[in-house]
Each structure stands twice: as C-alpha cells, then as structure tokens.
Amino acid sequence: MLDIRNFSKTYRGGKRAVSGLTLAVEPGSIVGFIGHNGAGKTTTIRAIAGVLDFEEGDIFVGGHSIKREPIACKKMLAYVPDNPDLYEYLTGIQHLNFIADVFEIPSGDREERTREYAGLFSLTGNLGDSIGSYSHGMKQKLTLIGALMRDPKLLVLDEPFVGLDPVAAHVFKELLRKICARGGAVFFSTHVLDVAEKLCDRVAIIRDGRLAAFGDTDKVRGDGSLEELFLELIER
Amino acid sequence: MRKLLPLLRLNRLELFGVNRFLNDPKRRRRARLLVPLMVLGVLGILGVVGTYCFGICYGLNWMGALDVFPVMMAAVSSVTVLMTTVFKASDALFQSRDFDLVLSLPIPARTVAAARMLKLYSIELAFALIVLVPAGGVYAWFARPGAVFYASYLLTALAIPVIPMVVASLIGVLTAFAGASLRRVRYAGLILSFLVMLGLVGGSFYLGSAPGSDVEVLVNIARTLGSMLSRVYPLSDIYAAAVVGGDISQLLLFVGLALLALLLASWLFGAVFVRLNSFINARRARGKFVLRAQRSRSVGRALVAREWRRYLASNIYVLNTAFGLLLSIVAVVALAAFVPRDMLDTVLREAGLEGPMFAMLPFVLAWMVALAPTTGSSVSLEGKSLWIIRGMPIPARWWLMAKLKLNLQMVLPVALIDAVALILALEIRGPALVAMLFLPALMGTFSALFGLVVNCKIHRFDWTSETKVVKQSWGASLPVFVVMGLVFGGGYLTARIGAMDHMLVPLLFAGALAVASATMWILVRVKAEKWAEGM
C-alpha cells in the first residue's frame, strides 16, 4: 500500500532531514514510526501526504508515485498532521461537508459516515459550532472524522493520539484495527511507545534521518521492551 | 519599562518581516531582490508626494498663504492615519495568535497593551512620514525658515500620528465591541464597520467643505483654509503656533498632548485588555447541533463557497477589499441620480475639461473597482491550514482559480452596474461607451490575476494577525501600486492625447489589459502546481 524507496529530503540551507529511507507498509497492517524529536518523522509523513516536495527517491501509494501522480495518491490516502490547524471560520459540519464535496462522497454516505464517526467521538452536538470555539482535542477529533469519512486505503497520521481523551483514544485504536481488517493500512508516528507496542504489527525506528530498525514489532523488540530498544538505539 | 523593552524588541523583530528576511536563507535571497525594489518604490512615492506638495506650495505662495501648508499636511497625515488605523486597531491590539503566549508571561497587561499601541504607532508613523518628509522639504525650500522650524517640525512629525491613532483605535475597538455584542446577528460587526467607514468618509467631506461662496474663498484664501483645517484637524492652531510661529510652549503642548493621549490609551486598554480581548474573541458554542442530510456540491462550487466563507469571516479583509466597490456604487448612484447631465456638461465645458474628463471617467471607475483585489492576500490567508487544501486530490490550479472566481464575482457585477448607470445617466455613446463598459471590468480582472500571481510567488503563512497579510504584505500592496500607476498613467495620457476625442488611450488600455489578463490566466494554469509545491 505504501512503498517508500530511498527517500531523502534536504531542506534549503543544507539541513538533511531524511536520508535514504526505504520501507513498505502492506495492506492490513499498522506500522508505527518512532524517533526522537527532529529525527525526520514529520518530514517523511508530510512527503507521503504530498504536502512537501522532495528531490531524491520516490514514494508510492497503491502503486502510484506521489511525485508523478499526486492526485491519484491523495485520493487513496488520508493525512492527519501533528497540529490540527483547521479552517476556524467554518463550523464543524461545514468543514466535513467541504471535505466530502472535494472527495465527492455522495450525500447519503456522508450523512451516514458523519453520524457514525461523530457519534463515536461524541462530537455530533458540536458540529454546528465554529471550529474557532473548539478545544485542541475537539479539533483533533474533527480532523480524524474528516480523514475517516473518506474511507481511505491508507491513513498517514502524525502523532494522532495527542490531545485525545482516553475514551476517544480507545475508540480511535479500534477504528484503526477495523480499517486494517478491511484491507486498509495505517502508518503513524508516535512518541508513546506503549501505544506502538500494543497497536502496531510493525515498527520503524528512525534516528537522525536514517532508518535504525524496521520489522515486526515482536521481532524488533526481542526480549526487552520497545522503550529499552529505542533508548539503546538512540544512545548508540 | 523594563518589561516593555523585551516586547518592543519583539515588535522590532516582527515589523515588516525583517527578522525573517535576515534569518531565512530563502527569504534573504528574495530580500536582495525586493529591498532595492522597495527602496525605489518608497523613493517614487516620496517623489510623487513631493511633486504634489510643490504644486500646492507654489499656489499657496502665490496667494500669500504659504504658512497654511505645514498645517494642511499635518491634517492630511492625521486623516490618513485615522482612516488607515480605524479597522486595523481592533485586530492589531487584540486579535493576535501570540496573545496566550504573551499574556502568560509575567508582564502586566497594561505593558502588553502599551507595546501593542507602540507597534501600531511605528506602522502609522511610517505612513505619516511619507507625507511629512517631502512636505517639510518643499516648505523649507519655499519659506526658508530658521533652525527652530526644523527642530519643531521633526518633533511634531513624531507626535502627529499619535492622537488620530488613539482616536481611531477607540473607534475601531468600540466598533469591534459592538459587533461582538451583536454576534447573534450574522455579519453585524461587518455592517457596523461599513457604516462607521462611510460615516468617516462622509464626515471628512462635510468638515472639509468650504463655507461660503467661491468668491469668498478667493478673497481670503488663508482665512478660509485656516478655518477649514481647524475643523478637520482641531490641533491645527497649536501646531501652527509651534511649527510656523516657533512658539516653544505650544510645541511642548502639542508633543505633551500626544504623549498624554498615548499614555491614557495604554492605561485604558491595559485596564480592560484581557476582558475586552476575551469578549471580542469569544466564540459561541451551543453544542446542540442535530445532524440532518447535507447538501452536496461539485468540487468547483465547494472551493468557491469555501473562499466566500473565508472572505466573509474577516472584517478587515472585507473592509480592505470591498470598500472601493461600495464607494464606487455610492458615487455612481449619487452622480446618476442627483447631478443632471446638463449641469455636468456646463461645469465641464466652462472648465474646458469636457473631452478629457469623460474619457478619464473609465479610469476613475477602474481605480475604484480594481484598487484592492481579494486575491492579493488570499493565498497567504490559508495560513497554517494550508495542509488541508494541499493534501486534497485536486490540482492546485483548481483552488487557486477559486480565489480568482471570488474576486471576479465581486468586481465584475459592480463594474458592470457602475458602467451601465453612468452610460445611461450621462448618455454616453460610441467609443466612450465601449471604454466605459470594458475598461473597469478588465482592470478588475487584471488586478485580480496580478494579485493572485504576486501572492503565489510572495506569500506568508506564519502570520499571527490577519492584518499582516491583508494590509501589510507585498501581495496586498503591489497590486494597489500597479493599479494606481496604470490609472494615473492612463489618465495622464488620456488628457494629453486628443485622438478620437481623447478615447484612443482608454481603448488601447482596455486592449492591453485584456492581453495581459489572458497571459496571466494562462500563466496561473500552467505554473499553479509548481507554485503550490513551493508553498
């Protein structure tokens, strides 16, 4: 579903954020992307989502290159950034309708999906309010609803659990598992190693822009915990 | 004072984006290109203002009323500051994204308010100096005043923007407060702001109108001008005594009044800063939404609808871009409804302006409809939400063209209504009719496309207040200067070239604008993806 091949990104001014990253996410799997601050996680995720251009390597979503066929890729994926900066001048429902219009979701489906996801995240009553009045967590929930209602084949998430209350976090984890059970794939970054350990089939650890470890969670972790492994890799 | 200094340092670093230009390699390269252009632009403006000042000084000198000139220019700067601050004030003082950060620091709210006032002052001072520097130079050349004049003039120049800025801030904040009180009524704040703006423009016309007949004006021009100026600018007597009369006590009074006004305003805003900010920026959350079937739109319509919602959500954006359009309708309706054609003919014929004046009318209309395109800041206004539109499965040209459509949906109907009203009222026929129909509409289209291109190339997404992109950005300013240049240039050439009863230039301009607009439209379509990648 997601195939990152020798991806590198150097920012203007010479800073090399990611170097020769290669990894693949199979349909039906959840892959956690772990790394210290500034390791290159957000850069990679933004490049996958097609909001950051890059020169070296390529990224394929469902076999389409994000460089050459960005529209085809974006139709298949949903991206959730680490900070839910939304259109504060819209109400929640107007935002969801805008997303649904652009993704051409039929009226009936959009109502059904909005009802389902907004209900699960307990946000239905607030959908008529301006997004400017939302808390950080509510904005995060709205971003997630906007992503989920497109029924994406690939979910690319940057720190998706930040700001979610425990109930919403639990609901979201269940939804991720459902997406995978339907043949979708999830690629998300997190600093919460406990979540990665329990939720992910596979983990990728990035250190200073380079892939330090990648594989099945159990195999990568070995006998210790993911936290021990992560600290060992970072200190190396 | 000790706590004010770090905030002032922050202001200085933020002002005109200088710090970003200095510390971002990409912007530094752009700055190398832009700074010479900016310097040239400022010199050009100073030159134009200087030329106007020379003309006015020359006339006043001939009439023996040269002493009125410094007061007149002080009044002009004050009115300019008043007009440019009134709707910026609420935004600049209260609606800033760094509000939580700054107020969480151990700095008193009154210090934060003082820093915000001083930031506003530094911007307004720049506007005032654009008028006062060339005016002072020209006056000095004509009057040859003593050394005291230069010291007084400099001191008062620094003080002039303060009082109008404080008055405008009070009006602006009260308008925002009233709008926030009526937030249940949709667009109440916006309508109130328009009413205040129209009131200010109308009031300045009323106060500036000369009492008595033309003959009286000519008989005692200095007295008449003096009385007019003291009505427009109540501090004119003190200013005249301080600057022209060289009275030190009046100078101290003038500067003292400005300082007092600044201190009082800082104290007042400081006392209510947090409460007022919370009230103005409070959003209603009812939490009682009931989900029903939602209407679906095509992608194109959804994108344009989003642009309209974005547009109408920002009072400062609407006021800055729609006021010229509204004013054009008011002016045209007033002219068409209240001024009979034969009266206009007589006035113009007696002034010897009948031909060129009618030929210049399309340029005047073009200026009003095209002066401030919405596109000039529409890309920057995506701000930190840019990721949403960039992550969508649509070509960049679609969402960029939606911005253009919003601008054209505003400009083209107004241009057409204005033109038809004038054509009917003034019984315009032949080539003049063609120019009147097409020139304003084409100028509006050109400025919308030009604004879009400029904003695609020069954008800013990390703004903390909408004012920064709507009023103080290259995207918003460049189209204004270009349209102004085209209108003044076109008007001048129209007056000079008498071919086709002065209609040759307007028609040629209309043709050139059509070609330029078509070229830019193709450019946007071709380059949109590349430009979006660079955002």
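I began with A:Glu159, which sits in the loop between β7 (154–158) and α6 (166–181) of chain A. The model is predicted; local features need pLDDT of at least 70, side-chain atom pairs count only at pLDDT 80 or more, and totals for chains, interfaces and linings use all residues. Residues are numbered from 1 along each chain as its sequence is written, chains are lettered from A and ligands numbered from 1 in the order in which they are written, and side-chain values use heavy atoms, with hydrogens and water left out. Helices (H or I, at least four residues) and strands (E, at least two) are DSSP runs, numbered from the N terminus.

**A:Glu159**

I looked for a charge partner. A:Glu159 is buried but has no salt bridge. A:Lys41 is the nearest side chain of opposite charge, 5.1 Å away. My terms: buried is under 20% relative accessible area, exposed over 50%, partly exposed in between (1.4 Å probe, protein chains only). A salt bridge is a side-chain nitrogen of Lys or Arg within 4 Å of a carboxyl oxygen of Asp or Glu. Lys and Arg count as positive, Asp and Glu as negative; His and the chain ends are not counted. I then listed contacts (heavy atoms within 4.5 Å). Leaving aside neighbours within four places in sequence, A:Glu159 touches A:Lys41, A:Asp82, A:Gln140, A:Ser189, A:Thr190 and A:His191.

**Salt bridges**

In one of them, A:Asp58 meets A:Arg68, with the closest N and O atoms 3.4 Å apart. A:Asp58 is in strand β4 of chain A and A:Arg68 in the loop between β5 and α2 (70–76) of chain A, 10 residues apart. A:Asp58 is buried at 10% relative accessible area, whereas A:Arg68 is exposed at 60%.

A:Lys141 and A:Asp165 also form a salt bridge, 3.2 Å from N to O. A:Lys141 belongs to helix α5 of chain A and A:Asp165 to the loop between β7 and α6 of chain A, so the pair ties together parts 24 residues apart in sequence. A:Lys141 is buried at 9%; A:Asp165 is partly exposed at 32%.

**The sheet with β1**

I traced an open sheet of 4 strands in chain A, in the order β2-β1-β4-β5, with antiparallel pairing. β2 (16–25) and β5 (64–65) of chain A are at the edges, each with a single partner strand, so one side of each has no neighbour in the sheet. Pairing requires at least two DSSP bridges between two strands. β1 (residues 2–10) and β4 (residues 56–61) of chain A pair over 5 bridges. A:Ile4 stands opposite A:Ile59 in β4(A). Helix α1 (residues 41–49) of chain A lies across β1, β2 and β4 of chain A, at about 120° to β1(A).

**Positive phi**

Which residue of the β9(A) and β10(A) hairpin takes a positive phi? I found A:Asp208, near 50°, in a hairpin with 2 residues between the strands. β9 (residues 202–207) and β10 (residues 210–216) of chain A pair in the antiparallel sense over 6 bridges. A:Asp151 has a positive phi of about 55° although it is not a glycine. A:Asp151 lies in the loop between α5 (136–148) and β7 of chain A.

Definitions and conventions: Axes are lines fitted to C-alpha atoms, for helices over the stretch in contact, and angles run from 0 to 180 degrees between N-to-C directions.
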